[in-house]
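Me: I have a structure to go through before class. Can you take me through it in plain words?

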Amino acid sequence: MADAPIVPLTLAGRHFSIMPCPGHLQYQCTSSRCVETATHRVLSRATASTEWLCDAHTLAWARLQHADVARSATAP
Ligand SMILES: [Zn+2]
């Protein structure tokens with residue numbers, strides 16, 4: 001996953017929103033045991049929490065919310 005391209009997702013749903021990290025901020029992905037640099041900020045309205053996720057975990061998280069991002073995000 002280290003060579004995965006950065007996918008700048010901006011998504012907003014009823015219960016969440018996803019946006020690219022501001023460029024000057026460097027966070028480590030907050031998903032468990034992940035060592036990637038976070039590329040997206042994920043806000044969950046259900047839990048009022050903020051997470052910082054890498055590309056792979058952002059996509060995985062979005063899929064969990066049943067967001068239809070898989071096709072557009074992985075298309076060549
Ligand atoms: Zn991650």
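Reply: First a definition: two strands pair if DSSP finds at least two bridges between them. Strands (E, at least two residues) and helices (H or I, at least four) are DSSP runs, numbered from the N terminus. With that in hand, Ala12 stands opposite Ser17 in S2.

Me: What joins S1 to S2, and in which sense do they run?

Reply: S1 and S2 run antiparallel and are joined by two bridges.

Me: Before going on, where does this model come from?

Reply: It is a predicted model, in which local features need pLDDT of at least 70 and side-chain atom pairs count only at pLDDT 80 or more, while totals for chains, interfaces and linings use all residues. Residues are numbered from 1 along each chain as its sequence is written.

Me: And what does the chain average in pLDDT?

Reply: pLDDT is the predictor's confidence in each residue, from 0 to 100. The chain averages 79, and 76% of the residues score at least 70. Confidence is highest in S4, at 92, and lowest in helix H2 (residues 70-74), at a mean of 49.

Me: Back to the sheet. In what order do the strands come?

Reply: The order is S1-S2-S3-S4, in an open sheet of four strands with antiparallel pairing. S1 (11-12) and S4 are the edge strands, each pairing on one side only.

Me: How many bridges are there between S3 and S4?

Reply: Five, with S3 (residues 40-44) and S4 (residues 49-53) antiparallel. One of the pairs is His40 with Leu53 in S4. The two strands form a hairpin with four residues between them, and Ala48 in the turn has a positive phi of about 55°.

Me: Now Ile18. Buried or exposed?

Reply: Ile18 counts as buried because 23 other C-beta atoms lie within 10 Å. The cut-offs are 20 or more for buried, 12 or fewer for exposed, and partly exposed in between, with C-beta atoms placed from the backbone. Ile18 is found in strand S2 (residues 16-20), and its bridge partner in S3 is Val42.

Me: Which nonpolar core has Ile18 in it?

Reply: The largest one, which has ten residues, including Ile18, Val42, Leu53 and Cys54. S4 and helix H1 (55-64) each supply at least two residues of this core. A nonpolar core is a set of buried Ala, Val, Leu, Ile, Met, Phe, Trp, Tyr and Cys residues joined through C-beta atoms within 7 Å.

Me: Why would such residues be found together?

Reply: In soluble globular proteins, nonpolar side chains tend to be buried together.
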